[in-house]
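Take a walk through this fold with the model open beside you.

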Amino acid sequence: MENKRKILVFNSLAGEKQEFKPIQEGRIGMYVCGPTVYSNAHLGNCRTYVSFDVIFRFLKHLGYSVRYVRNITDVGHLLDDGEDRMLKGARLEQLEPMEIAQKYANGFHEMMRIFNIQNPSIEPLATGHIIEQIEMVKEILERGFAYEKNGSVYFNTIRYIQSGNPYGELSGRVVEDLMAESRDNLKNQDEKNHPSDFAIWMKASDEHIMKWPSPWSVGFPGWHLECSAMSKKYLGEQFDIHGGGNDLKFPHHENEIAQSVGSCGHSPANYWLHTNMLLLNGRKMSKSEGNTISPEQLFTGESKFISKAYSPMSVRFFMLQAHYRSTLDITDEGLQAGEKGFKRLMDALATSKNVQPELSSNSAPKDELVSEIIEQIYSDLCDDFNAPKAIANLFEMAGLINSIANKQIASTEISQYAWEKLKDHFSFFIIDILGLKDESSEANENTTNGLMQLIIELRKDVRERKDWAGSDKIRDGLKELGIQLKDGKEGTDWSRI
RNA sequence: GGUCGGAUGGCCGAGUGGCUAGGCAGAGCUCUGCAAAAGCUCCUACAGCGGUUCGAAUCCGCUUUCGACCUCCA
């Protein structure tokens, strides 16, 4: 446990990096907005959840007890035309609304598993918290920050602002602008008093299938409300971290803040973290413009944007090579570079486990370098979870490992103790913190290891007879199977191509 | 249109007022029967134009350009 390191996080609320201080010593409550399960998981979702996965893993490692809540939205998310997203999906596919939700929730979970993303502590469903949402609407009404119109309830942003609350603080919206825009747009609003007001309860039309009774009407909750209600239920009125994609800042997160302040008098989270968007070939991903690629297409290679398939872990690695707050451009070249870099890292990891160098039992010159790099990686991660910088330092470690394995660093230059520390931390950072894993299955790996041992021994005899044709035949044959032999001073090693 | 954030070497991408990011690609060397791997070395860039400064890719302004948000969005 590494507790008590100073962590800096970029807080969207402040627009700058701030020292992270949890409300309760040693405990962290973190809420991240989950997906709306009305269609297949989008690559952008994956990047966001990969980013928060690393944050979750790292905070736990630092010794914090983290409760990570990530919801699933299965109701209440309105489309442009006012139709519920779940209903739209249902009508198109001739399925029950909950069937749609289940189908895509399953798909989402499968994608999380494929990307090696750890499960959150709690994964609440919006439909499972209708009562809590109705309670929150009541509280907001009681405090006078909402009004009812024809069975629907709207949040009164003007009253909220006039009461001195900073609406727009998170997204940089100016209160005066919101106030000023009233007149022109007002005529387009049927029930809302002001364009910036938003629904917290909607009366359902007759054809609406997903609806629940409430004091105001048979209807359904507004989209922003579920996160407020569920974060409050599981993390309390005030918690530490609230995260999500950059595109949720406004209106979603802004409205969440308003709802929390409106119902219980204070902002829900101290630190707001936002992940940035994914681009494809320098342009935003857009289904309507055909500029999009799905996780499945990435894994199968079936897309005009890429030349080959990429494994989930090489995609995860590719994502982590960019900071979570930067946009990341997906290109075929970039993915290939990522894939090769990932392989180099994993090869070094395998090497570190396979070789058993005999090194100095006393402290040696390179020992300090090992400590420095490890310390640097901790600093990198403590500085707003800078995974790309940490990865750069992991490549430094890989270089050291390879040099030691090759005996390019003399045994007198580094101690046995430092070597153990080096390889343990190398594995720990890659596997446990960055959440990358070896993609070859273990059972196959054991068999293959044994077979390879045998083949290498046989080939050694052939080589000792200087039967180069026979030796090459073995090597070329293995290459056909995707296995590369590496003849070195210390004997022969191998890896997958 | 309004608000905000970017523009880094062949490509992807960190970062900092003066000190090597890293990966991929390319070149050379070491090792080696050959090859591959690995190691070492090289290629050393910060959109443009001004300004601040002893010194700016890093701060400020303008221009160009890309992107995000502006009640669908991770």
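Helices (H or I, at least four residues) and strands (E, at least two) are DSSP runs, numbered from the N terminus. This is a predicted model, in which local features need pLDDT of at least 70 and side-chain atom pairs count only at pLDDT 80 or more, while totals for chains, interfaces and linings use all residues. Residues are numbered from 1 along each chain as its sequence is written, chains are lettered from A and ligands numbered from 1 in the order in which they are written, and side-chain values use heavy atoms, with hydrogens and water left out.

Start at His224. It sits in helix α8 (residues 223-235). His224 is buried, at a relative accessible area of 8%. Buried means under 20% relative accessible area, exposed over 50%, and partly exposed in between (1.4 Å probe, protein chains only). Which residues does His224 touch, not counting residues up to four places away in sequence? They are Phe198, Pro251, His252, Asn255, Glu256 and Gln259. Contact here means heavy atoms within 4.5 Å.

One of those partners, Pro251, deserves a look. Pro251 lies in helix α9 (residues 249-264). A cis peptide bond links Phe250 to Pro251, with omega about 5°. Most peptide bonds are trans, and most residues other than glycine have a negative phi.

Asn150 has a positive phi, near 50°. Its place is the loop between β5 (146-149) and β6 (152-155). Asp384 also has a positive phi, of about 55°, although it is not a glycine. Asp384 belongs to the loop between α13 (367-382) and α14 (387-405). Are these residues buried or exposed? Asn150 is exposed, with a relative accessible area of 57%. Asp384 is buried, at 0%.

Now the cores. A nonpolar core is a set of buried Ala, Val, Leu, Ile, Met, Phe, Trp, Tyr and Cys residues joined through side-chain atoms within 4.5 Å. The largest has 91 residues, and Leu43, Phe115 and Phe426 touch the most other members. Apart from it lies another core of 36 residues, including Tyr31, Val69, Trp201 and Ala229.

Finish at an open sheet of three strands. Its order is β12-β11-β13, with mixed pairing. β12 (283-284) and β13 (328-330) are the edges; each has a single partner strand, so one side of each lacks a neighbour in the sheet. Two strands pair if DSSP finds at least two bridges between them. β11 (residues 278-280) and β13 pair in the parallel sense over three bridges. Leu278 has Leu328 as its bridge partner in β13.
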